[in-house]
Amino acid sequence: MIQVQRPLIIQSQLIRLCCPLETRLKHASFRQRHHRRLHTKTVTDDDIARLAARPLHPLTLADLIKNGRPPLSASALYNSANFTLSILPARLAHRIQSLRNLPFIVVSNPHIHKIHNNYLHSLSTLLPWAEKEIKTLEDEVKFTEVMADLVQTHANTISILARGFLEARKYISPKEVTRFLDEHLRARIGTRLIAEQHIALHFSSQPHQELSSSSSSEDPSHPSSSYIGVIDTNLRPASIIQHCESVVSEICELKYGVRPHIVLTGEPDYTFAHVPVHLEYILTELLKNAFRATVESGMEREPIEVTIAPLPEDLLCEDNESMSDEVISNIDQGNLDVASKSFTGQDASDTASAVASEMIRPLARSTPGVTIRIRDRGGGISPENYAHIWDYSFTTFNEEQVSSTLSGGSPSKSSSGMDGLNAISGPGGDGANSLAGLGYGLPLGRAYAEYFGGGIAVQSMWGWGTDVYLSLRGVGKVD
Ligand code: ADP
Ligand code: K
Ligand code: MG
């Protein structure tokens with residue numbers, strides 16, 4: 001297999017912040033008890049064309065929290081299942097079409113073809129539900145099994161695609177790969193979030209409470225009341241930073257005997273509503289880059305400064321006002337092309353407007369957020385390299401190491417000795433560490449940040465160091 005095994009202690013640390021303990025325990029016991037074959041229906045080309053012709057429902061924050069705080073009643077839970085069911089088939093069909101639109105020789109690559117087949121499989125598990133309304137507990141449990149299968153099937157998508165595009169690099173340019181992955185991985189973030197949200201709500205809802213009775217008070221660091229599904233309404237960025245620092249610096253010390261340290265400044269007690277796994281993924285990638293640069297340039301005695309600065313409220317108001325009621329109502333009604341055109345003033349292509357709408361949509365409903373600056377003394381980024389840092393395939397890591405990281409063998413020692421640091425990554429969906437060193441950290445981190453209206457900006461002071469600004473918006477007013 002293509003996964004590189006991470007030391008056990010670190011893997012479990014990474015999982016820790018992903019979701020409340022009780023959800024994790026229940027998820028595990030659910031998977032054990034419901035390990036049976038799912039009902040499937042063969043997917044025809046007609047099915048794909050028909051479903052892909054449906055407009056894509058833009059996932060709003062309101063969608064994720066509209067069923068209220070858990071525990072959900074049975075009817076709210078059915079609403080969540082039916083909503084999930086109403087939007088996933090079209091999303092999967094769009095992904096299949098977009099994979100089929102790649103050059104034939106690229107989509108014929110076994111790894112990329114595997115991803116194509118994974119989407120076909122997931123669509124085949126959803127088709128039997130196509131004309132159904134979920135209104136019994138029995139159906140809801142079965143549907144949650146389908147969702148668990150969906151999340152599981154696509155868990156390693158990123159490392160598999162990375163390997164496929166690496167093998168097919170003779171036939172497709174880095175810019176084309178970036179264009180495809182930017183759309184594909186952004187769409188995947190949304191699809192995954194919808195499925196995981198339903199799974200999380202399922203486990204924290206009244207009809208399934210008996211599953212949780214033994215575990216509800218075991219994890220005081222995760223008071224379940226602050227969670228609505230996968231969203232933590234009381235997320236403290238400083239806690240995630242400290243956690244990511246310990247993971248990244250532990251690897252650094254184990255491998256190289258040095259451990260750059262972080263100095264945390266700003267407002268460490270700030271909290272807001274966001275998706276913890278997203279934040280953890282992004283910060284792990286950004287810290288990994290900062291640590292790598294710091295050690296490579298022999299500056300490990302210099303602290304990496306991380307500053308947490310809440311966004312001023314009035315600034316957000318102005319920002320929200322800049323989006324007219326017309327744009328907001330078009331977003332709400334799913335008229336993304338119209339909304340994106342009137343917001344950006346551009347007649348965007350389908351793809352561009354899909355990407356643009358994924359970005360503008362959350363702005364309409366956002367609440368305060370935060371900027372996190374990561375400042376390192378790692379020497380900065382050369383102007384030649386700076387032009388490429390957002391390309392999915394671009395890395396200053398050498399190819400031998402990348403191939404060996406992907407093939408799961410122990411990476412060869414590099415002249416810089418940084419292979420180990422590049423073999424780690426956050427749990428941004430893969431749960432594995434195989435995408436690191438492939439040049440996916442910055443672009444995928446930015447995709448996560450932009451999903452709810454934030455962003456990442458990199459400012460390099462060549463010869464000195466790098467400042468990275470991560471901005472995140474709170475995910476909507478809850479309550
Ligand atoms: P990867 O880390 O796998 O190479 P990334 O997308 O995370 O991929 O980063 C791409 C490249 O950008 C890195 O290989 C490195 O050359 C450069 N880079 C990113 N962050 C920094 C930093 N803080 N200091 C110096 N170079 C950086
Ligand atoms: K990159
Ligand atoms: Mg990186």
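This is a predicted model: local features need pLDDT of at least 70, side-chain atom pairs count only at pLDDT 80 or more; totals for chains, interfaces and linings use all residues.
Residues are numbered from 1 along each chain as its sequence is written, chains are lettered from A and ligands numbered from 1 in the order in which they are written, and side-chain values use heavy atoms, without hydrogens and water.

**Stop 1: H8 and H10**

Select residues 137–153 (helix H8) and 174–203 (helix H10), which pack at an angle of about 140° with their axes 9 Å apart. That makes H8 oblique to H10; angles under 35 degrees count as roughly parallel, over 145 as roughly antiparallel, 65 to 115 as roughly perpendicular and the rest as oblique. Helices here are DSSP runs (H or I) of at least four residues, numbered from the N terminus. Axes are lines fitted to C-alpha atoms over the stretch in contact, and angles run from 0 to 180 degrees between N-to-C directions.

Now show the side chains: Phe143 and Met147 are among the H8 residues that meet H10, whose partners include Ala195 and Ile199. Contact means heavy atoms within 4.5 Å. The residues of this contact of H8 with H10 divide into eight nonpolar, four polar and three charged.

**Stop 2: H9**

Next, select residues 157–167. Eight of the eleven residues of helix H9 are buried, so it is largely enclosed by the rest of the structure. Buried means under 20% relative accessible area, with a 1.4 Å probe and protein chains only. Among the buried residues of H9 are Ile158, Leu161 and Phe165.

**Stop 3: H11 and H12**

Move on to residues 237–256 (H11) and 276–296 (H12), whose axes lie 9 Å apart at an angle of about 45°. H11 and H12 are therefore oblique to each other. The contact includes Ile241 and Val248 of H11, and Leu283 and Phe291 of H12.

**Stop 4: the potassium ion**

Which residues coordinate the potassium ion (ligand 2)? Ile389, Asp391, Phe394 and Gly439 do, each through its O atom, at 2.6 to 2.8 Å. Donors are N, O and S atoms within 2.8 Å of the metal (3.2 Å for Na, K and Ca), and sites may look incomplete, as water is not among the atoms. In sequence, these donor residues are spaced I-x1-D-x2-F-x44-G. Ile389, in the loop between H17 and H18, and Gly439, in the loop between H19 and H20, are 50 residues apart and link distant parts of the chain. Both Ile389 and Gly439 are buried.

Key: Helices (H or I, at least four residues) and strands (E, at least two) are DSSP runs, numbered from the N terminus. Ala, Val, Leu, Ile, Met, Phe, Trp, Tyr, Cys and Pro count as nonpolar, Asp, Glu, Lys and Arg as charged, and the others, Gly among them, as polar. Buried means under 20% relative accessible area, exposed over 50%, partly exposed in between (1.4 Å probe, protein chains only).
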